[in-house]
Amino acid sequence: MLMMHDEGERTPEAGPTVAVVGAGAGGILTAVNLLLRAEVQGRPCTVLLIDPTVGDAPGPAYRTTDSRHLLNTAAGRMGLTPSDFPDWLSARGYEDVHGYPARRLYGQYLLDLLAGTAARCDSARLRAVPDRITRIGAGQGGGDVLALHGAGGRTLYADAVVLAVGGLPPDRSWAPRNLRSSTRFVPDPWAPGALDRMAAPDTDLLLVGTGLTMADVALTLARPGRVLHAVSRHGLIPQSHTTRPAPPVTPPELDGPHTLDALRRSVLRHVAATRRVHGDWRPALDSLRAVTAGLWQGLSPADRSRFLSEDLRRWETHRHRLAPASAAALERLREEGLLEVSAGQVARTDPDGDGVRVGLRDGREFRVGAVVNCTGPETSVAASGDPLLTDLMARGLARPGPCGLGLDTDPDGRLRPGTRQTGPGEAAPLWTLGALRRGNLFETTAVPEIRTQAEGVAKAVLGIQSRLGARL
């Protein structure tokens, strides 16, 4: 059981206060690492975990109750340690503890991990705050203390803040204006109850986007008598993990600056060599996981933009794969004619009685009961309209990341300030992790990467607070 926080409580004896904004997987893993590190150091510390749904299932991905929504990463890579999550599953009677369990189980594991960690701490304290932060500014008296203003009017104070807000809302810029205002449009399938109000069971649906979100939505909405039409620019769907992974391979030596064309050739050679030895391309892609950030950073800005426009979709379908059972279920839907996947882009939409008539750019038309946005999260903070992130950039406390992706950060995740009209902004004690670091790291949304970032952020934040200890 998480303890609730009294916003008036903040004393020097309690040590520094670190606010973690967001209680999804990234926020929980950050809070756990902060608590553990402060406890090991034997120094007082208060961790505020702030989210409107704090204490509930963490984040949209793990809030699903559909047991067909499986993890896309094996259980052994999802815990705080390699054995932690499998042991948790085993203790609860689950047999396939090294496979791809239902995502809701991982959400329960995260809540248990947080509560158990907090209960074992003596010096470090956790306080859960059910609120949405809309603005962060200087606290009373100035200095490094930050004031966090909640949507409900309350103000919290912290010595450091970690933004763990997860992915931004889905991009809907592709949708015609009359569709965006229609009740037949589902702009965010992960919003609570979004799929519950779907059209009649025998009404066809259009899913825009053919990635991981589409796979989940299709598994939830497919039924006899209904055809799900899934379209995207490329018409590519995620590849599948194998049931028997090949042994790991060593990544190629690709350090230093490189052009995109040279990098493509090197990666293709590595994939071909891995297939010759192991009969599978997947270990080659997986071996790049540890060096992807360096490869991305070694590209020129022009080559990064080229990669995003020319290679991104194919990379994502091979890098972010489906659980074998999910891939098999999706293939069955296609074989039965319940799911049709193709390349296509929405050109126009028109109301048509109790449905929508959709015209694609290639001339095809569909009459469907609803259109579901499966395009995935927005990557541009500027385009997202998020009030907190927009305010941080407007006041020079943050700036967009490379290629306009997320926010720009130092290697430890600390936000790099923008430029105010009056001159350069100063770096505030603000950090982030996860999707908001995509511009700097590129691959930054899977739990293994987020877990590593959470450790680094906790170390950096408490290291800064240790040096400022005399002022706290």
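**Note on helix packing and a pocket**

1. Helix 7 is the main contributor to the lining of the second largest pocket, giving 7 residues. Helices here are DSSP runs (H or I, at least four residues), numbered from the N terminus. The model is predicted: local features need pLDDT of at least 70, side-chain atom pairs count only at pLDDT 80 or more, and totals for chains, interfaces and linings use all residues. Residues are numbered from 1 along each chain as its sequence is written, and side-chain values use heavy atoms, with hydrogens and water left out.

2. The second largest pocket holds about 590 Å³ of space. Its lining has 21 residues. Val 267, Leu 268, Leu 285, Phe 307 and Trp 315 lie nearest the centre. Two or more lining residues come from each of helix 7 (260–278), helix 9 (292–298), helix 10 (301–310) and helix 11 (312–319). A pocket is an open set of points on a 1 Å grid over the protein atoms alone, where a 1.4 Å probe fits, with protein on both sides within 12 Å along at least five of seven lines; lining residues have an atom within 4 Å of a point. The volume is the space filled by probe spheres set on the points.

3. By class, the pocket lining splits into 14 nonpolar, 2 polar and 5 charged residues. Ala, Val, Leu, Ile, Met, Phe, Trp, Tyr, Cys and Pro count as nonpolar, Asp, Glu, Lys and Arg as charged, and the others, Gly among them, as polar.

4. Helix 7 also packs on helix 10, at about 55° with axes 10 Å apart. Leu 260, Asp 261 and Arg 264 of helix 7 meet Asp 303, Arg 306, Phe 307 and Glu 310 of helix 10. This contact has 2 nonpolar, no polar and 5 charged residues. Contact means heavy atoms within 4.5 Å.

5. Helix 1 (residues 25–41) and helix 4 (residues 103–120) have axes that come within 10 Å and cross at roughly 20°. They are therefore roughly parallel. Their contact has 13 nonpolar, 1 polar and 2 charged residues. Leu 35 and Glu 39 of helix 1 are among them, as are Tyr 106 and Arg 120 of helix 4.

6. Helix 6 (residues 212–221) packs on helix 12 (residues 324–335) at about 60°, with axes 10 Å apart. Met 214, Ala 215, Ala 218 and Leu 219 of helix 6 meet Ser 326, Ala 329, Leu 330 and Leu 333 of helix 12. The classes here are 7 nonpolar, 1 polar and no charged.

Notes: Axes fitted to C-alpha atoms, helices over the stretch in contact; angles between N-to-C directions. Parallel < 35°, antiparallel > 145°, perpendicular 65-115°, else oblique.
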